[in-house]
Amino acid sequence: MAVHHNRGQNRDLEINPVFSREPVRVPRYALPRGEMEPDTAYQVVHDELMLDGNARQNLATFVSTWAEPEARRLMDECAEKNMIDKDEYPQTAELEARCVHMLAGLWHAENPRQAIGCSTTGSSEAAMLGGLALKRRWQHRRRAENKPTDRPNIVMGINVQICWEKFADYFEVEPRYVPMDGDRYHLTPDKAVELCDENTIGVVAVLGSTFDGSYEPVADIAAALDDLQARTGLDVPVHVDGASGAMIAPFLDPDLEWDFRLPRVASINTSGHKYGLVMPGVGWALWRDKDALPDDLVFHVNYLGGDMPTFALNFSRPGAQVVAQYYNFLRLGFEGYRRVQQTARDVATRLAREIARLGPFELITDGSDIPVFAFRVREGIDHFSVFDVSAALRERGWLVPAYTFPKNRTDLAVLRVVVRNGFSHDLADLLLEDLRRVLPRLDKQGEPHRDEDDAGGFAHGAETKNPRRHGRH
Ligand SMILES: Cc1ncc(COP(=O)(O)O)c(C=O)c1O
């Protein structure tokens with residue numbers, strides 16, 4: 001949705017005399033009548049974009065902001081390829097299938113070559129597909145039992161990313177959120193089970209909470225649901241939202257059971273463009289077997305004389321990101337990914353430790369799950385806020401979001417740092433130095449200068465505007 005940030009700027013774009021030989025004026029918000037030289041148009045667009053933040057200093061986003069030149073070259077070579085044209089670009093389709101099998105192996109599918117899955121635009125689309133499969137399975141089961149299907153619900157922690165709120169809203173499933181409570185900032189087994197009933201299509205467990213980077217206890221949630229089934233007969237599947245964690249845990253926490261090793265895990269999503277290390281535009285959704293993805297959701301198209309199943313919300317989509325994902329898998333292999341992710345974890349945990357040592361801050365998490373941590377201003381310090389800290393760091397170009405937690409911890413405001421590939425120990429030291437530099441000034445403030453309303457919207461989904469999240473549910 002287009003937003004006019006520059007309200008009141010009704011002037012045309014005035015381009016000359018800087019870039020053009022001919023005097024040029026073009027309307028800002030209307031299609032220009034005529035053409036202009038490509039180099040002029042390029043320069044105009046390029047210059048305006050200089051005002052965007054520096055992506056490498058953007059510690060708010062989980063999404064890759066660095067890629068190897070070879071990956072960029074391949075993306076450039078594939079810029080015109082449409083992922084849906086499997087007939088015209090069969091090798092791109094083949095690379096997508098290979099990625100699915102590789103992920104299935106990484107996530108311990110019983111038979112990775114038989115696993116079902118697809119690429120998506122990101123975890124949000126993958127979440128919609130995962131949720132839809134849960135809903136359809138539940139509907140089939142209920143219809144077979146001659147029971148009503150008009151009140152499906154889905155159980156999750158209130159810390160879920162906004163995509164799950166969207167899923168529930170768009171596809172008319174009642175969201176049942178477990179609120180935060182005291183020091184519990186994500187879903188726990190007992191609370192998940194409490195909200196389940198015969199209308200529950202599934203439980204979403206997040207591997208790497210958007211709010212603080214913590215892993216939810218997937219195995220314990222699955223075990224509690226096993227117990228629920230033994231007691232009541234209710235069979236509630238789990239979808240793991242591994243947007244970040246599904247590309248961290250396999251490499252750094254191989255003994256942690258959160259994936260298809262747990263029979264209750266029906267499906268998993270991840271963002272190829274987060275710790276999959278691809279530039280924005282690719283996610284993945286996988287199902288443990290055919291039973292987990294009802295066939296009536298899958299459209300079958302005729303493909304090179306054979307059958308090509310597709311399950312997607314979009315039709316056209318760039319193929320370049322999928323190619324880049326395959327490049328990364330090939331280029332890094334297991335050991336390369338392990339090394340990259342370990343470095344991110346090392347940087348995150350060291351930076352978190354150093355920040356805790358500064359004095360005024362207290363860690364909520366320490367970066368030892370996904371390489372993301374949240375910290376707050378210590379209780380008792382009330383002359384500056386996390387929002388002041390975020391604004392002060394912005395002066396040096398660092399984008400470190402500050403936001404409040406959801407129900408029942410709306411009193412808690414934090415800063416969050418996402419460490420990604422390309423954010424080195426050196427850059428972390430520079431951030432630390434800047435943080436040290438601003439503290440004496442903040443210390444002299446009589447009272448906080450900024451609050452939640454000044455925070456801007458750059459916390460990436462951690463700042464839902466939908467009153468239902470904080471209110472009715
Ligand atoms: C846990 C979680 N799920 C889903 C998403 C949405 O992912 P995407 O941006 O790939 O659509 C995010 C994004 O930060 C996330 O952290």
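1. Helix α2 (residues 69-77) packs against helix α9 (residues 320-357) at an angle of about 145 degrees, and their axes lie 8 Å apart. Here axes are lines fitted to C-alpha atoms, for helices over the stretch in contact, and angles run from 0 to 180 degrees between N-to-C directions. The crossing of α2 and α9 is right-handed; a crossing is right-handed if the near helix is turned clockwise from the far one by less than a right angle, and left-handed if anticlockwise. On the side of α2, the contact is made by Glu 70, Ala 71, Leu 74 and Met 75, and on the side of α9 by Ala 320, Val 323, Ala 324, Tyr 327 and Asn 328. Two residues are in contact if their C-beta atoms, placed from the backbone, lie within 7 Å. By class, these residues comprise 7 nonpolar, 1 polar and 1 charged (Ala, Val, Leu, Ile, Met, Phe, Trp, Tyr, Cys and Pro count as nonpolar, Asp, Glu, Lys and Arg as charged, and the others, Gly among them, as polar).

2. The model is predicted: local features need pLDDT of at least 70, side-chain atom pairs count only at pLDDT 80 or more, and totals for chains, interfaces and linings use all residues. Residues are numbered from 1 along each chain as its sequence is written.

3. The protein contains 12 helices and 15 strands, where helices (H or I, at least four residues) and strands (E, at least two) are DSSP runs, numbered from the N terminus. Its C-alpha trace spans about 70 × 60 × 45 Å along the principal axes.

4. Three domains are assigned, namely domain 1 (13-52), domain 2 (72-328) and domain 3 (338-470); the bounds come from an automatic or database domain assignment. The centres of domain 2 and domain 3, taken over C-alpha atoms, are separated by 29 Å. Their contact takes 23 residues from domain 2 and 25 residues from domain 3. On the side of domain 2 that touches domain 3, α5 (162-170) and α8 (249-252) are the elements giving two or more residues. That side has 12 nonpolar, 8 polar and 3 charged residues.

5. The ligand is surrounded by 16 residues, the closest being Gly 122, Ser 123, Ser 124, Gln 161 and Ala 243. A residue counts as near if its C-beta atom, placed from the backbone, lies within 6 Å of the molecule. The shell divides into 4 nonpolar, 11 polar and 1 charged.

6. A cis peptide bond, with omega of about -5 degrees, joins Lys 407 and Asn 408.
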